[in-house]
Amino acid sequence: MSSVAGSLPGIARRTIAWRALVWCALAATLVLAMLLALAVGRVDLGPGDVLRGLWTWATGTGGEAAVLVGDIRLPRVLMAALCGAALAAAGTALQGLTRNPLVSPDLIGASSG
C-alpha cells in the first residue's frame, strides 16, 4: 500500500514540503518571540536565566528568576499569544463568513459597539 505523499505528483509533494517548512518556521518564530518576551522587562534576563527560571519554576525549587519568569511574565506572554490567536481566528471566520478577503470589522457593525 503506498502512502498519500508517494502517490502525488512531484509538484504537489514539493508544495506540501514547502508548506510544512513554512509552518515549522512560523512555530519556531513564535517560540523565539515568546522567549524574548520572557527575557525583556524592567529586569533584563539572559537566555540562560530565562531557561533556568522556567526550569526552577516548573520543578518548584524557587528563586528570584523563577518568580519573575514563571509567576509574572509567563502568564502575560501566554495570554498575549492566546489573544493574538483568538483575534486571528475571528478575522479568519469573518473573512470566511462574508467571503471577502478584505473584510473589516465595521462591515457587520463590530467597530461601532
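I take buried to mean under 20% relative accessible area, exposed over 50%, and partly exposed in between, with a 1.4 Å probe and protein chains only. By that rule 14% of the 113 residues of the protein count as buried.

Before going on, I note the terms of the record. This is a predicted model, in which local features need pLDDT of at least 70 and side-chain atom pairs count only at pLDDT 80 or more, while totals for chains, interfaces and linings use all residues. Residues are numbered from 1 along each chain as its sequence is written, and side-chain values use heavy atoms, with hydrogens and water left out.

Entry: overall layout.
I looked up the helices and strands, taken as DSSP runs (H or I of at least four residues for helices, E of at least two for strands) and numbered from the N terminus. I found four helices and zero strands, and the pattern along the sequence is α-α-α-α. I then looked up contacts, meaning heavy atoms within 4.5 Å. Of the contacts with a separation of 6 or more, 35% are between residues 24 or more positions apart.

Entry: helix 2.
I find 30 residues in helix 2, and 43 Å from its first C-alpha to its last, close to the 44 Å expected at 1.5 Å a residue. The expected span is 1.5 Å times one less than the number of residues. Its buried residues are Met34, Leu38 and Ala39. I noted helix 3 (47-59) and helix 4 among what covers them.

Entry: the core.
I looked for nonpolar cores, that is, sets of buried Ala, Val, Leu, Ile, Met, Phe, Trp, Tyr and Cys residues joined through side-chain atoms within 4.5 Å. The largest has nine residues: Met34, Leu38, Ala39, Leu45, Val50, Leu68, Val69, Leu74 and Val77. The largest share, four residues, comes from helix 4.
I checked Val50 for contacts beyond four places in sequence and found Leu35, Leu38, Ala39, Leu45 and Val69.

Entry: Leu45.
I place Leu45 in the loop between helix 2 and helix 3. Why does Leu45 count as buried? It does so because its relative accessibility is 15%. Not counting residues up to four places away in sequence, Leu45 touches Leu38, Ala39, Val50, Leu68, Val69 and Arg73. I also noted Ala65, 20 residues from Leu45 in sequence and 8.2 Å from it in space, C-alpha to C-alpha.

Entry: Arg73.
I find Arg73 in helix 4. For charges, I count Lys and Arg as positive and Asp and Glu as negative, leaving out His and the chain ends. A salt bridge is a side-chain nitrogen of Lys or Arg within 4 Å of a carboxyl oxygen of Asp or Glu. Arg73 is buried yet has none, and the nearest side chain of opposite charge, Asp44, is 5.7 Å away.
What does the side chain of Arg73 reach at 2.6 Å? I found the backbone oxygen of Val43 there. The backbone oxygen of Ala39 is 3.2 Å from a polar atom of the Arg73 side chain.

Entry: salt bridges.
My search of the whole structure finds one salt bridge. Arg52 forms a salt bridge with Asp49, with the closest N and O atoms 3.0 Å apart. Both residues lie in helix 3, three residues apart, about one turn of the helix. Asp49 is partly exposed, at 30% relative accessible area.

Note on methods
A polar contact is a pair of N or O atoms within 3.5 Å; within protein, one must be able to donate a hydrogen and the other to accept it, and residues adjacent in sequence count only if both atoms are side-chain atoms.
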